[in-house]
Amino acid sequence: MDSIVILFISGLLGLFVGMRRQPLSALVISSLGLTGAALAAYFRGQYTSPLAAYTAYIPTQSAVVILLCIVTLLAIWGGYQRYRQENEHTGDYLSLVLFSLCGAIMMAQPNDLMLFFIGLEILSIPIYVLVGIEKGSALSAEAAVKYFFTGSFASAILLFGIALLYGATGSFQLVEIQSNLAIGIWQSPMAMIGSLFLLAGFAFKIGAVPFHFWGPDVYQGASNAVLMYMSTVVKITGIYAIVNVFGQIFRDSYFYWIDLISLLIVLSMFYGYITAWKQTSFKRLIAYSSIANAGLMLFALADIHNSNIFLFVAAYAFATIPLVTINEFADQNSDDLSNWEGIAWKNPLVGAALVLALFSLAGIPPLAGFFGKFSLLWSAVPHIPYTAVLALIASVIGAFVYLRLLMLALKKPEVQVKKALSAEQTIVLLLTTISSITALYLI
Amino acid sequence: MALILLPLIFSLIAWWIPSNFTRIFGLISTISTLTLSAVTVCYFKSNEPILIDLGLRFVRFSIDSLGFTMMLLTNAVFFLVFLSNFKRELVHDIRFTALALLMQFGLLGIFTTNTILGFYLFWELTLLPIFLILYWFGNFEKPRAILQFFLYTLLGSLAMLLAVIGLMHATNQQTYEGLLSADLNALGNTSTLLMGGFLLAFAVKIPLFPFHTWQAETYTKAPVAGTMLLSAIMLKMALFGLLKWVLPIFNGIATDFWRWPVIVLGLIGIIYGAIIAIRQNNLKTLFAYASLSHLGLIAAALMLQNGETNQIAVVQIVNHSIVSIGLFLAAGIIEHRIGTAELTGLGGIAKVAPRFAFWFGVLTFVSLSVPFTAGFIGEFFLIKDLFAAHNLTGILASATLILGAVYMLKAYQAPMFGPTKVTSFEDLHWSEITVFAILSIAAIYLGLSPQCLTDFVAHSLSQPTL
């Protein structure tokens, strides 16, 4: 709660400072707000959720909030360069991100479906605006409209699911829903269909196949700065919400659902990685990679009592953010993959960050991505071994996608042109690189 | 601790070394790791493994005598690779030096780690540098070929990852000793399946017969130093994994199930590799298939799970490293100085480069397993043990001696003698002579007194129930 208040106030302040065209002050205020929110979560976070199986240092609830704050911090720094140059919308951008983060924090670990839905809308509405913030670009406008319509549709489905569940159990409280379902209401078609709708709405939000179709277009239309926020924070929040909601509702009956979830996992991974293979646009490639990663994240539902999702989503975010930052570094206005040719040679830090981020996404040890994947598979193998085998085969295809990008970026150019990183980009790349190596000590 | 971490530290420092000093730096760092491990081995008692803890929960190290042998071998191989390339462009490149040292760290990790997850981590860690080395310095026309290498190894290692997870779940153990004490026979067919996962990863790396298709092209197109690293030490990871981890741990139902399939694949590899090698026109491709043939023999022999055989297999592993460094160096020298390694374009080098002819000849004889070289001890005893298993396996395995003579003599005779096609050939540089001399002395020393090695590793090989 403290975190939300701090974020909201700093968002408002950022908005006013932004109106006076002072981008740096807006950045500083937002960064302070995010740091403050993370600290508040850290010191207040003595609450342990029933799913607090993972982190030994920080209770789960505050771990998510801190992760979300840090990821957002990296995202706004990584995307800041553009807004320093064109400072008309800097304040809008920063404060919308912070407002949206308030919703993310509300939504990530709900105990009440109503609260959860409000959080979801607070998270989504600023992002509809953010996607369309590039006023001059037709792609951006198209993406915003598309995202708005499909997103509202998904919200409606989700709401319908919530309503049906309420009809079946008479409560919005997850604990009560669970105890009512446990006494046999589970057999009622209303609860069944309600849960199915809930699952569909969630799958839409994190972009799992077959509810992924909005992803590539929206990602392509968004600016790098927004993409960084959207592809990480929204997924992390979504998957945490799924784990929490379904961890409660499906507690006694998840074997009904596990086949359906396995299907979502396998479809998302194969579809995402195979389609990513032939992309020529970086943003679309990231979109398909995020679809595949959404599939992997759903592995968290395999062992509902003990889901180890934290490391995986953190690794995913810490690998995606440097990549998008590098795309910003390559060329601000284009996302064509040809800009990536030989980019590692323009700056040594870019080279190092790129190699580590791509290997981390491909899941090669000793980088963070491997430990994330390992901890997911660790809890999944005893429950859904065949899905795990298929997921590993899909991972090989995924490794190809990332290696193809890597080989493109490492190609030695005829003439070497050096290019400097801006200070914020340097910080982002350094932090993500260091953290993807030192994840070794977390497991 | 420094035993393992030294290469990692050097590989990080390497990025800041000015490029004039890169080759000296590479040499110095490999010499210092080699010296350190050689000094430590003098104080090493084989019944007291050296324990190293870096504060990681899932990765710990314990160096026993087998680990030490492989460690010395690794450090020696890296030293020789840097020394033999001293006059080449390659070692002037910071990237190569740093990546090679990183790979050395990964290999040392594999040979010394004490936990199954550590084994997997380091196994994959070596993939990263070799991929970049092949990509930057290789001679691949299309990225497809190098991706093929990566696909094979990654598919294999992911199967191993599943097997590792399954094994840790099934036994609740993660250390080597813990896994040895766990009763995997109680798992029945699951243990067969788990072992299959490991074997798939190893079969791709060794490589065994149907999984070898990445090998020839990768060896031919890779830079010589990369080929040396791949064949001399990276493939040994798989044999080491088989010898130290998989066979003792899965001893029982699983090994009974997989013994004959692997032996048969090994035998097919021996004969198939040799026959293909005879027909090859490119020296490097020829040696690649020869490697397939030699390693098939070791893999088949390891599956017999016999203590004596295992000791000899270690001798043969070391011998194969010696031979493959020597032969690929020779092929590299020819390719570098003449511009081609195609046998049809070569002939009469012996007349213009007598020193090269001599040392290449010595290495050819070592590879032919003539008596008084390590190859003789290795192949002779391994074939003897395969005879003991079944007459037919013995007979088929012996084919390696005959067919080996055919392709090795062809590989030596065609470029060195015959009609003179090469008129000018710069003779060996001192660094190359040193490498050849070290290799020959090592091979002959091991051939004369193999017991110094077999006795040393006997202790760590006798622990498993045999």
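Of the 443 residues of chain A, 60% count as buried, a residue being buried if 20 or more other C-beta atoms lie within 10 Å of its own, exposed if 12 or fewer and partly exposed in between, with C-beta atoms placed from the backbone. The structure is a predicted model, in which local features need pLDDT of at least 70 and side-chain atom pairs count only at pLDDT 80 or more, whereas totals for chains, interfaces and linings use all residues. Residues are numbered from 1 along each chain as its sequence is written, and chains are lettered from A and ligands numbered from 1 in the order in which they are written.

The secondary structure of chain A consists of 18 helices and zero strands, where helices (H or I, at least four residues) and strands (E, at least two) are DSSP runs numbered from the N terminus. For 443 residues a compact globule would have a radius of gyration near 22 Å, and the 21 Å of chain A agrees with this; the radius is taken over C-alpha atoms, and the globule rule is 2.2 Å times the number of residues to the power 0.38. Along the principal axes, the C-alpha atoms of chain A fill a box of roughly 70 × 50 × 45 Å. Of the contacts in chain A with a separation of 6 or more, 77% are accounted for by residues 24 or more positions apart, two residues being in contact if their C-beta atoms, placed from the backbone, lie within 7 Å.

Helix 1 of chain A (residues 2–19) has 18 residues and reaches 26 Å from its first C-alpha to its last, close to the 26 Å expected at 1.5 Å a residue, the expected span being 1.5 Å times one less than the number of residues. The buried residues of helix 1 of chain A include Ile4(A), Ile6(A), Leu7(A), Leu13(A) and Val17(A), together with Gly11(A), Gly14(A) and Gly18(A). Just after helix 1 of chain A, Arg21(A) takes a positive phi of about 60°.

Elsewhere in chain A, helix 8 (residues 174–182) and helix 11 (residues 224–249) pack at an angle of about 35°, with their axes 8 Å apart; axes are lines fitted to C-alpha atoms, for helices over the stretch in contact, and angles run from 0 to 180 degrees between N-to-C directions. Leu174(A), Val175(A), Ile177(A), Gln178(A) and Leu181(A) of helix 8 of chain A make this contact with Val245(A), Gln248(A) and Ile249(A) of helix 11 of chain A. By class, the contact of these two helices of chain A has six nonpolar, two polar and no charged residues, with Ala, Val, Leu, Ile, Met, Phe, Trp, Tyr, Cys and Pro counted as nonpolar, Asp, Glu, Lys and Arg as charged, and the others, Gly among them, as polar.

Chain B comprises 20 helices and two strands, and 56% of its 466 residues count as buried. A compact globule of 466 residues would have a radius of gyration near 23 Å, with which the 21 Å of chain B agrees, and the C-alpha atoms of chain B fill a box of roughly 70 × 55 × 45 Å along the principal axes. Among contacts in chain B between residues at least 6 apart in sequence, 83% join residues at least 24 apart.

At the interface, 21 residues of chain B are in contact with 21 residues of chain A. The elements giving two or more residues to the side of chain B that touches chain A are helix 5 (116–125), helix 6 (127–137) and helix 7 (143–171) of chain B, and helix 7 of chain B gives the most, with 12 residues. This side of chain B has 17 nonpolar, two polar and two charged residues.

The 29 residues of helix 7 of chain B should span 42 Å at 1.5 Å a residue, and the end C-alpha atoms of the helix, 41 Å apart, agree with this. Within helix 7 of chain B lies Val164(B), which is buried, with 26 other C-beta atoms within 10 Å. Leaving aside neighbours within four places in sequence, Val164(B) is in contact with Ile116(B), Leu117(B) and Tyr120(B); the C-alpha atoms of Val164(B) and Ile116(B), 48 residues apart along the chain, are separated by 6.9 Å. Helix 7 of chain B is followed by Asn172(B), whose phi is positive, near 60°.
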